[in-house]
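Here is a walk through one structure, taken part by part. Please keep the sequence and the 3D view at hand while reading.

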Protein chains: 2
Amino acid sequence: MSIPRDVLIVGDEKAAQRFIEEFRRGIPLALYFIASTKTSIIPGISIAGPSPEGTLYTPALDVEYLVAGRPLTLNVIPMTPEGLPTPALLTRVALSMLSIPYMVVDAGSYIEPRIPHVDLPSRRVGERIDTGKALLVEVARALFEESRILAEMVVPSGGSVIVGESIPGGTTTAMAIMEALGFRAIGKVSSAGPNNPHELKKRVFEEGIKNSGLAIPTSNVFEAVAAIGDPLHISIAGFVVGALSRNSRILLAGGTQMCAVLAILKKFGIELRERVAIGTTRWTVKDPSSDIEGLVRDIAPEVPIIATALNLGDAPFPGLRMYEQGFVKEGVGAGGTIVALTLLRGVELDELKKAIYNEYQRLLQIGAAKGIDARS
Amino acid sequence: MSIPRDVLIVGDEKAAQRFIEEFRRGIPLALYFIASTKTSIIPGISIAGPSPEGTLYTPALDVEYLVAGRPLTLNVIPMTPEGLPTPALLTRVALSMLSIPYMVVDAGSYIEPRIPHVDLPSRRVGERIDTGKALLVEVARALFEESRILAEMVVPSGGSVIVGESIPGGTTTAMAIMEALGFRAIGKVSSAGPNNPHELKKRVFEEGIKNSGLAIPTSNVFEAVAAIGDPLHISIAGFVVGALSRNSRILLAGGTQMCAVLAILKKFGIELRERVAIGTTRWTVKDPSSDIEGLVRDIAPEVPIIATALNLGDAPFPGLRMYEQGFVKEGVGAGGTIVALTLLRGVELDELKKAIYNEYQRLLQIGAAKGIDARS
């Protein structure tokens with residue numbers, strides 16, 4: 001079996017091939033975890049929202065749009081005034097073509113999404129990590145445990161599980177988690193904009209470490225997450241542990257943030273070989289301002305990165321072409337969901353692109369009906 | 001293919017056979033819906049709790065025990081002082097032997113269960129139905145719609161879906177829904193005790209109709225549910241509609257209450273033939289104080305009832321033998337989950353019983369460790 005031409009492999013090609021073979025055989029399921037960290041309201045950290053405070057609403061709006069076709073909590077269209085759409089657009093289109101079971105998991109969204117979703121009982125918004133008190137240790141531990149149990153409940157035995165995420169500020173907290181656990185991540189995580197605020201992320205992290213009194217590097221995952229982490233990555237790590245106990249393969253659908261999940265799993269001594277892969281976008285792996293390849297090589301070189309080759313450079317809409325200029329890059333499991341579409345359904349990217357354009361057109365029409373010109 | 005000897009068929013045997021054949025082929029999934037109706041605090045209506053007010057906690061405690069092996073919200077063991085256990089014990093044992101994906105759905109529990117669960121955004125505790133104002137019409141409609149969407153999200157295409165429930169007071173609200181929709185249900189619904197308070201249920205219903213001003217019979221499902229229904233049955237009906245759109249078979253895992261779901265579905269003109277069955281217990285179909293066979297014959301004769309033949313008359317624990325004296329009978333999808341175990345895994349009832357005894361023994365030991373004598 002060869003690797004489909006619509007995906008790019010970064011890292012061990014043989015490992016990727018074996019993962020793909022197994023992944024194609026399993027019963028598929030997709031989950032999209034959402035949470036907030038108040039780190040995202042630090043000016044300059046995140047552009048995943050109309051304003052720093054607005055980023056707190058983004059995860060709920062993203063999954064509302066994903067499920068219902070439009071945000072429900074706020075009467076907005078899920079794109080910027082320039083017409084740059086949420087990556088959930090790509091996820092929604094790919095998911096609809098995949099036609100597999102999926103769910104949304106709230107690990108600590110600032111607002112409850114107005115669509116059916118799984119709630120973790122200990123869900124909680126993370127505090128700004130520069131305080132050094134992002135979460136209570138008990139909460140970090142409970143989120144891990146509840147997510148592990150969730151996986152034992154919902155993952156089919158021998159499943160092929162796609163796990164995506166939406167958490168503005170997440171690359172900053174992911175960087176902090178990796179650094180605290182002893183991996184060099186400063187300057188290597190991605191960003192939703194073309195200008196990656198590496199210096200600011202570093203300052204926020206260092207301030208958090210100072211205020212927490214945490215001695216780093218540490219192997220105490222829960223203390224690290226409690227100091228400078230967030231509710232999302234620890235939840236996804238717990239979920240992966242539970243899913244692996246169901247003999248499943250897991251495609252971590254995200255960019256450099258998923259390396260924080262790998263870092264947590266490695267600290268727990270979890271065997272990842274041929275069981276876990278990262279599924280992401282070409283925009284992430286080619287990003288000159290971040291280094292997902294280097295992160296994976298340092299943390300878990302046995303984990304392959306499988307990126308969709310999707311290129312929107314010839315899209316008929318300027319908003320979609322912005323993806324080729326370094327905007328967004330990844331989010332809400334977009335890359336991994338498209339990778340799954342290629343692996344499980346063999347859908348060609350040209351067919352996917354047509355569906356993306358139709359969906360984008362639909363959003364523009366909703367915007368026009370609301371008197372919003374998305375391209376103003 | 002013959003019908004396994006561990007199940008009893010009530011109704012059309014040919015239809016049951018065809019349903020079973022299809023059900024065995026699908027990808028399995030189980031869901032347990034929980035909700036509360038304040039109807040359960042009317043003295044005498046429900047014994048599914050230590051006191052009338054205590055019944056409001058039962059659904060959450062049931063699913064906490066189902067998932068985590070013990071109630072989490074309260075430090076209790078899930079049985080009465082006489083040692084009569086929750087039917088969730090049967091569900092838990094069967095589910096563990098089934099090893100299929102499952103989830104808990106909160107449609108309006110009085111307390112949030114401390115295990116991972118799906119939340120419907122419009123979840124709400126139902127008011128006492130004797131007020132005639134059980135729910136807002138918009139809420140009834142939203143719960144239906146959200147559950148339909150949930151099914152479209154989580155049900156695999158060609159799935160075999162088991163849907164159970166826990167709602168104290170539910171036979172009263174189910175009776176009221178069926179009556180309001182024009183089916184004769186007074187005197188026919190079941191009860192968790194051997195003395196079925198038919199007269200009281202009837203009075204509560206009639207008071208509710210009077211106070212609502214609803215002209216009955218009506219074909220307006222949402223108005224009926226809003227007047228004298230509850231959050232659970234309308235949610236399950238919405239879920240069934242969504243699951244059918246995913247080309248699935250649905251085993252309604254419950255007793256006479258599930259006839260209210262059938263009544264709602266019939267009013268919506270949903271085709272049920274060979275797609276929906278009721279899965280329940282021998283205790284329900286043999287109950288002299290209720291008439292599930294008559295209800296199904298009136299409402300949807302094309303729907304077969306498949307009951308597990310499980311008999312606990314020779315159990316070594318008096319608390320379990322109480323099931324043979326008309327206590328509990330059904331709940332938390334016990335019967336249907338055991339039916340699924342028989343159909344999907346071919347597990348013999350003797351093997352199941354051993355596992356039930358082990359689990360019961362485990363609960364007694366927890367009780368003893370807590371200084372609770374469950375048989376005092």
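Contact here means heavy atoms within 4.5 Å. The model is predicted. Ser147(A) is found in helix 4 of chain A, which covers residues 137-154. Leaving aside residues up to four places away in sequence, Ser147(A) touches Phe33(A), Leu120(A), Ser235(A), Gly238(A) and Phe239(A). Is Ser147(A) buried or exposed? Its relative accessibility is 0%, and because buried means under 20%, Ser147(A) counts as buried.

The strands of chain A come next. Strand 3 of chain A spans residues 102-108 and is mostly covered, with seven of its seven residues buried. Strand 2 of chain A, residues 27-35, runs parallel to strand 3 of chain A, and six bridges join the two. One point to look for in this pairing is Tyr32(A), whose bridge partner in strand 3 of chain A is Val104(A). Strand 3 of chain A also pairs with strand 4 of chain A, again in the parallel sense, over two bridges. Here Asp106(A) has Asp119(A) as its bridge partner in strand 4 of chain A.

The interface as a whole can now be described. How many residues does the contact take from each chain? It takes 28 residues from chain B and 28 residues from chain A. The area buried between chain B and chain A is about 2200 Å², and carbon and sulfur atoms give 60% of that area. On the chain B side, Pro116(B), Pro121(B) and Met153(B) lose the most area to chain A, together 31% of what that side buries.

Polar links are present as well. Across the interface of chain B and chain A there are eight residue pairs in polar contact, with both residues at pLDDT 80 or more. Which elements of chain B supply at least two residues each to the side that touches chain A? They are strand 3 (102-108), strand 4 (117-119) and helix 4 (137-154) of chain B. Helix 4 of chain B gives the most to this side, with five residues. By type, the residues of the side of chain B that touches chain A divide into 19 nonpolar, three polar and six charged.

Salt bridges can be followed both between the chains and within them. The structure holds 40 salt bridges over all chains, and the count between chain B and chain A is two. In one salt bridge, Glu112(B) is paired with Arg123(A), with the closest N and O atoms 2.8 Å apart. Glu112(B) lies in the loop between strand 3 and strand 4 of chain B, and Arg123(A) lies in the loop between strand 4 and helix 4 of chain A, so the pair joins two chains. Glu112(B) counts as partly exposed at 31% relative accessibility, and Arg123(A) counts as partly exposed at 23%.

Within chain B, the side chains of Lys38(B) and Glu127(B) meet in a salt bridge at 3.8 Å, N to O. Lys38(B) lies in the loop between strand 2 (27-35) and helix 2 (58-68) of chain B, while Glu127(B) lies in the loop between strand 4 and helix 4 of chain B, so the pair ties together parts that are 89 residues apart in sequence. Lys38(B) is partly exposed, with a relative accessible area of 26%, and Glu127(B) counts as partly exposed at 34% relative accessibility.

Another salt bridge lies inside one helix. The side chains of Glu206(B) and Lys202(B) meet at 3.4 Å, N to O. Both residues lie in helix 6 (residues 198-212) of chain B, four residues apart, about one turn of the helix. Glu206(B) is partly exposed with a relative accessible area of 38%, and Lys202(B) counts as partly exposed at 26% relative accessibility. In chain A, Arg5(A), Asp6(A) and Glu348(A) are linked in a network of salt bridges.

Definitions and conventions
Residues are numbered from 1 along each chain as its sequence is written. Chains are lettered from A and ligands numbered from 1 in the order in which they are written. This is a predicted model: local features need pLDDT of at least 70, side-chain atom pairs count only at pLDDT 80 or more; totals for chains, interfaces and linings use all residues. Side-chain values use heavy atoms; hydrogens and water are left out. Buried area is the accessible area (1.4 Å probe) that two parts lose on being put together, summed over both. A salt bridge is a side-chain nitrogen of Lys or Arg within 4 Å of a carboxyl oxygen of Asp or Glu. A polar contact is a pair of N or O atoms within 3.5 Å; within protein, one must be able to donate a hydrogen and the other to accept it, and residues adjacent in sequence count only if both atoms are side-chain atoms. Ala, Val, Leu, Ile, Met, Phe, Trp, Tyr, Cys and Pro count as nonpolar, Asp, Glu, Lys and Arg as charged, and the others, Gly among them, as polar. Buried means under 20% relative accessible area, exposed over 50%, partly exposed in between (1.4 Å probe, protein chains only). Two strands pair if DSSP finds at least two bridges between them.
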